[in-house]
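This briefing is meant for someone opening the structure for the first time. It begins with charged side chains and then turns to strands, helices and nonpolar cores.

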Amino acid sequence: MIETTTEIGIVLSAMPISEYDKRLVILTKDFGKITAFARGARKQNSKLLAGSQPMSFGEFTLYRGRNAYTLTDVKVQEYFSSSFTDVEEMYLGMYFLELSSYYGREGIEASETIKLLYVALKALQARKIPKELVRLIFELRTLAINGEYPNLFQCGNCGRQEDLDYYDKTRRILLCRQCHGKVKEILDASTVYALQYILTAKPEQLFHFTVTETVLKQMEEVVHSYMKQQIDKTFKSLEFFENPIL
């Protein structure tokens with residue numbers, strides 16, 4: 001008798017193989033990022049058809065072979081890809097999957113990332129806050145989950161926790177008013193607070209605030225400059241999001 005396991009997860013990518021099958025990359029709660037083959041998933045009457053699409057979230061029943069898993073059943077709770085009618089939303093959602101795949105590892109549980117993906121895609125669906133803010137929240141929190149984020153709670157020079165208003169891009173640290181001297185790019189107090197909030201809030205509370213255009217641009221400067229130094233990869237879906245006419 002074949003032993004199977006059922007895992008909460010989300011499909012990160014899907015590739016057709018042979019005439020009727022698919023090769024899936026699934027981020028799972030307990031096993032991390034895995035490869036799974038969905039036999040017959042390209043047939044119109046397949047029970048795996050809907051659940052083998054990127055952004056499908058639910059319960060995946062799998063058995064493990066010598067080199068990969070085989071998907072035998074799926075109970076989809078959310079078809080996120082079918083809910084996006086805006087092309088930019090779709091590209092941004094795909095970018096979230098790409099970034100999660102970049103950090104995902106087999107054998108490393110991924111419950112935090114799955115929960116973050118779920119609430120971020122829900123936030124894109126709801127359209128209550130700007131797409132750009134959803135992106136920033138997802139990016140910074142992803143960095144935090146993976147232990148790669150700047151210290152945004154104290155001065156990187158003296159350790160002071162008050163009057164933090166300058167981000168040193170070269171050293172990747174926040175500086176307080178007493179340590180940075182005369183600089184032009186002073187951060188608004190709301191920017192620092194928003195960044196700190198993203199790092200500490202519960203996942204279900206992350207996408208329930210908005211900021212001014214000024215604060216949003218300052219947040220982008222901090223997060224994106226850090227990511228460029230930290231991540232040596234080009235995400236195609238992000239390129240399409242930033243240049244939708246290409």
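In this predicted model, the side chains of R160 and D163 meet in a salt bridge, with 3.1 Å from N to O. R160 also forms a salt bridge with E162, where the closest N and O atoms are 4.0 Å apart, and salt bridges that share partners join R160, E162, D163, D165 and R177 into one network.

**Charged pairs**

**The barrel and its strands**

- Five strands form a closed barrel in the order β1-β2-β3-β5-β4, with mixed pairing, and neighbouring strands of this sheet are turned by 45 degrees against each other on average, direction ignored.
- Strand β1 (residues 5-17) and strand β2 (residues 21-28) run antiparallel and are joined by 8 bridges, with K22 in β2 as the bridge partner of P16.
- Strand β3 (residues 32-38) runs parallel to strand β5 (residues 69-79), to which 2 bridges join it, and F37 has T70 in β5 as its bridge partner.
- Strand β4 (residues 56-64) pairs with β5 in the antiparallel sense over 9 bridges; β4 and β5 form a hairpin with 4 residues between them, and F57 stands opposite E78 in β5.

**Helices on the sheet**

- Helix α1 (residues 87-103) lies across β1, β2 and β3, and its direction runs at about 110 degrees to β1.
- Helix α2 packs on the sheet, where it touches β1, β2, β4 and β5, and its direction makes about 65 degrees with that of β1.

**Nonpolar cores**

- The largest nonpolar core has 61 residues, among which F96 and F207 have the most contacts inside it; its largest share, 8 residues, comes from helix α2 (residues 111-126).
- Leaving aside neighbours within four places in sequence, F207 is in contact with L116, V119, A120, A123, I129, V134, I137 and F138.
- A second, separate core of 13 residues includes L48, F60, L71 and V74.

How values were computed. Residues are numbered from 1 along each chain as its sequence is written. This is a predicted model: local features need pLDDT of at least 70, side-chain atom pairs count only at pLDDT 80 or more; totals for chains, interfaces and linings use all residues. Side-chain values use heavy atoms; hydrogens and water are left out. Two strands pair if DSSP finds at least two bridges between them. A nonpolar core is a set of buried Ala, Val, Leu, Ile, Met, Phe, Trp, Tyr and Cys residues joined through side-chain atoms within 4.5 Å. Buried means under 20% relative accessible area, exposed over 50%, partly exposed in between (1.4 Å probe, protein chains only). Contact means heavy atoms within 4.5 Å. Axes are lines fitted to C-alpha atoms, for helices over the stretch in contact, and angles run from 0 to 180 degrees between N-to-C directions.
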